[in-house]
Amino acid sequence: MCRGIRRGLGSRFDMYVCVCQKITDREIRQAVADGARSLHSLCEQLPLGGCCGRCLPYASELVAEHSAHQRQLSADCCAPSFQAA
Ligand code: FES
């Protein structure tokens, strides 16, 4: 399944998630880091889906994936660093 177009080879390059609006996975991850927690709130920040809408399922996956990653980072950060005896 095609999930976008990479600007270059390798994972350090951005990938177009929304080809119509030229929105990359990096921009979506940044929007999630800035507070977008749903596809709806993401679409309020970025003009995703305004044309064909093919980007929306993968954008939704990115929101869920990146939100889960951020929750895990917060949990790891706030977890007690000692073991009870
Ligand atoms: S790919 Fe996003 S609106 Fe067409």
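Modeller: Before we start, pLDDT is the predictor's confidence in each residue, on a scale from 0 to 100. You'll want that here, as this is a predicted model.

Colleague: Good to know! What pLDDT does the chain average?

Modeller: The chain averages a pLDDT of 82, and 79% of the residues score at least 70.

Colleague: And where is confidence lowest, and where is it highest?

Modeller: Strand S1, residues 5–6, has the lowest confidence, with a mean of 53. Strand S3 has the highest, at 96.

Colleague: Okay, now the layout. How many helices and strands does the chain have?

Modeller: There are three helices and three strands. Starting at the N terminus, the order is β-β-β-α-α-α.

Colleague: Which way do S2 and S3 run, parallel or antiparallel?

Modeller: Antiparallel, with two bridges joining S2 to S3.

Colleague: Is Lys22 buried or exposed?

Modeller: Exposed, because Lys22 has 11 other C-beta atoms within 10 Å, and a residue counts as exposed at 12 or fewer.

Colleague: Let's switch to helices. Which residues of H1 are buried?

Modeller: In H1 the buried residues are Asp25, Ile28, Ala31 and Val32. They cover an arc of only 120° around the axis, so they sit on the same side of H1.

Colleague: Why might residues a few places apart in a helix point the same way?

Modeller: An α-helix has 3.6 residues a turn, so residues three or four places apart point the same way.

Colleague: Nice. What covers the buried residues of H1?

Modeller: The cover includes S2, S3, H2 and H3. Just after H1 comes Gly35, with a positive phi of about 125°.

Colleague: What about H3, how far apart are its end C-alpha atoms?

Modeller: They are 33 Å apart. H3 has 23 residues, which at 1.5 Å a residue should span 33 Å, so the two values agree.

Colleague: And which residues of H3 are buried?

Modeller: Ala59, Leu62 and Val63. Their cover includes S2, H1 and H2.

Colleague: How many residues are in the largest nonpolar core?

Modeller: That core has 14 residues, and the ones with the most contacts inside it are Val17, Ile28, Leu42, Leu48 and Ala59. S2, H1 and H3 each supply at least two residues of this core.

Colleague: One more. Where does Cys55 lie?

Modeller: Cys55 is in the loop between H2 and H3.

Colleague: Is Cys55 buried or exposed?

Modeller: Buried, because Cys55 has 24 other C-beta atoms within 10 Å, and 20 or more counts as buried.

Colleague: Which residues does Cys55 touch?

Modeller: Leaving out residues up to four places away in sequence, Cys55 touches Val17, Cys18, Leu48 and Gly49. Tyr16 is 39 residues from Cys55 along the chain, yet their C-alpha atoms are separated by 9.2 Å.

Conventions
Residues numbered from 1 in each chain as written. Predicted model: local features only at pLDDT ≥ 70, side-chain atom pairs only at ≥ 80, totals over all residues. Helix = DSSP H or I, 4+ residues; strand = E, 2+ residues; numbered from the N terminus. Expected span 1.5 Å × (residues − 1). Contact = placed C-beta atoms within 7 Å. Core = buried A, V, L, I, M, F, W, Y, C linked by C-beta atoms within 7 Å. Arc of directions from axis to C-beta. Pairing = 2+ DSSP bridges.
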